[in-house]
Amino acid sequence: MTRILIVTGDPVGDRMAGPAIRAWNIAGELQRHGHEVRLVSTTRADRTDTEVPLGHVAPGDEAGIRGHERWADVVFFQGHALGQFRTLASTDRYLVADVYDPMHLEMLEQGRELPAATWNLRVAGARDALNDQLRRADYLLCASERQRLFYLGHLASLGRISPATYDGDGDLRRLIDLAPFGLSTTPPAPGDGLRGRIAGIGADDRVLIWGGGVYSWFDPLTLIRAVAAVRDRVPDVRLVFLGTKHPGVDEMGIVREAYDLAVELGVEGREVVFNDTWVPYDERGAYLLDADAGVSTHHRHVETTFAFRTRILDYLWAGLPMVVTDGDGFADLVRDEALGVVVPSNDEAALADAIARVLAVDSDEVTAWRENVARVREQFTWPVVLAPLVAYCAEPWHAADYAPGRSAMGAGSSRPRRTAGLGHDLRMAAHHLKHSGLRDVTARIRRRLGRSS
């Protein structure tokens, strides 16, 4: 038995987003294999229906995290944990970094609405945090072969690909391997979903579901235009945005743009429905089962190339054929395995045609897509995708280039970028005061106090 500490920066509760869902399922799978597991959130941990012990440690609370770290044999972490806790950055425990989300590429899109100086700061902070993880971890896990090739370039530039790590491990799988996002082995349970709770969804409507948040790297606007264009061909079409209020992220401007466009086109509340809450994690299955197909549309850029769209897994889980934009790894899967329709980015006409196809009634094509989805989803269950992590935790190892204190791993030395504590807060306040003004700083302080109350 191995004692494993899992650290996430997301809230672990009834309403969870991707990182927390992943951490929670990883904790459960490792416990299923007989390991002793603790799951710690740096924001909030109040989920009650779990056998895994939960805890909350605020960023910068070295004494709080040290007790967990000293207890553990293996520390598995996501996000900015190394910058928040010096204890983790220098730990002598086996250290596993979860880099399934290339957060610096995500921030290129997420920060577009910010002042230029703040955008640059956010991207630089994400890049530095990621580089520190790549430099210090004994073992890294990413979501796809595309990502793995991308990270191998990072690792090479940081000096982690060396004779020490290469000797006896020519493909470097002992340094970085795959553990994609997964899905439950238990099928979704029917219940009160879209047709029972959301106004405007009738029993016979043809429902296209957007199964997650609306963020700036996606393209809901072309999708809304396509739905407006196809309503004459599919009079009972309904596009449902399942969640527009992320439990841990401020609402982005694209949400308002999408709503305003739907109003302008006369489809808001009819053909296009916005669910302005975040569906509880355990209830999402009923919502998915009420849909006829899933959709994910995005712009074509570097974030897309290396992204792993976790909402696609929910479509697989619920047996939904899907419409997706070309350019990411899942588009290749949908195309190669015939799970639905792949369309070019920003192509309203192609998207409208795809919607009509995927929502067709009594269609042999749709039946075939559903059969293929049922077959392919078995490849993405949590026990399958987490097999490399389970094997590592059974017999963990330090990286071949491990050095005590971890600062000398890779090329040269490194100092973790602090993302917690009074000094960090003062630097951020000075930055926002300079670039955004007193009103913005005041609003940020109020939000911070609101989250901590």
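**View 1. Cys-142 and Cys-393 in a predicted model.** Cys-142 is classed as buried because its relative accessibility is 0%; buried denotes under 20% relative accessible area, exposed over 50%, and partly exposed the range in between, with a 1.4 Å probe and protein chains only. Cys-393, with a relative accessible area of 1%, is likewise buried. Over the whole structure, the search returns 0 disulfides, a disulfide being a pair of cysteine sulfur atoms within 2.5 Å. The model is predicted, so local features need pLDDT of at least 70 and side-chain atom pairs count only at pLDDT 80 or more, while totals for chains, interfaces and linings use all residues. Residues are numbered from 1 along each chain as its sequence is written, and side-chain values use heavy atoms, with hydrogens and water left out.

**View 2. The open sheet of 7 strands.** The strand order is S3-S2-S1-S4-S5-S6-S7, with parallel pairing. Strand S3 (54-56) and strand S7 (176-178) form the edges, each pairing on one side only. From one strand to the next, the twist averages 25 degrees; axes are lines fitted to C-alpha atoms (for helices, over the stretch in contact), and angles run from 0 to 180 degrees between N-to-C directions. Strands (E, at least two residues) and helices (H or I, at least four) are DSSP runs numbered from the N terminus. Two strands pair if DSSP finds at least two bridges between them.

**View 3. Strand S5 and its partners.** Of the 5 residues in strand S5 (residues 94-98), 4 are buried. Strand S4 (residues 74-78) pairs with S5 in the parallel sense over 5 bridges, and Val-75 has Leu-95 in S5 as its bridge partner. S5 is also joined by 3 bridges to strand S6 (residues 139-142), and these two run parallel. Here Val-96 stands opposite Tyr-139 in S6.

**View 4. Strands S1 and S2.** Strand S1 (residues 3-8) and strand S2 (residues 36-41) run parallel and are joined by 6 bridges. Thr-8 has Ser-41 in S2 as its bridge partner.

**View 5. The second largest pocket.** This pocket has a volume of about 500 Å³. Its lining comprises 24 residues, of which Trp-24, Asn-25, Ser-184, Tyr-281 and Trp-382 lie nearest the centre. Helix H1 (18-32), helix H12 (284-289) and helix H18 (382-385) are the elements giving two or more residues to the lining. H1 supplies the largest share, 5 residues. A pocket is an open set of points on a 1 Å grid over the protein atoms alone where a 1.4 Å probe fits, with protein on both sides within 12 Å along at least five of seven lines; lining residues have an atom within 4 Å of a point. Volume is the space filled by probe spheres set on the points, which are joined across faces, edges and corners.
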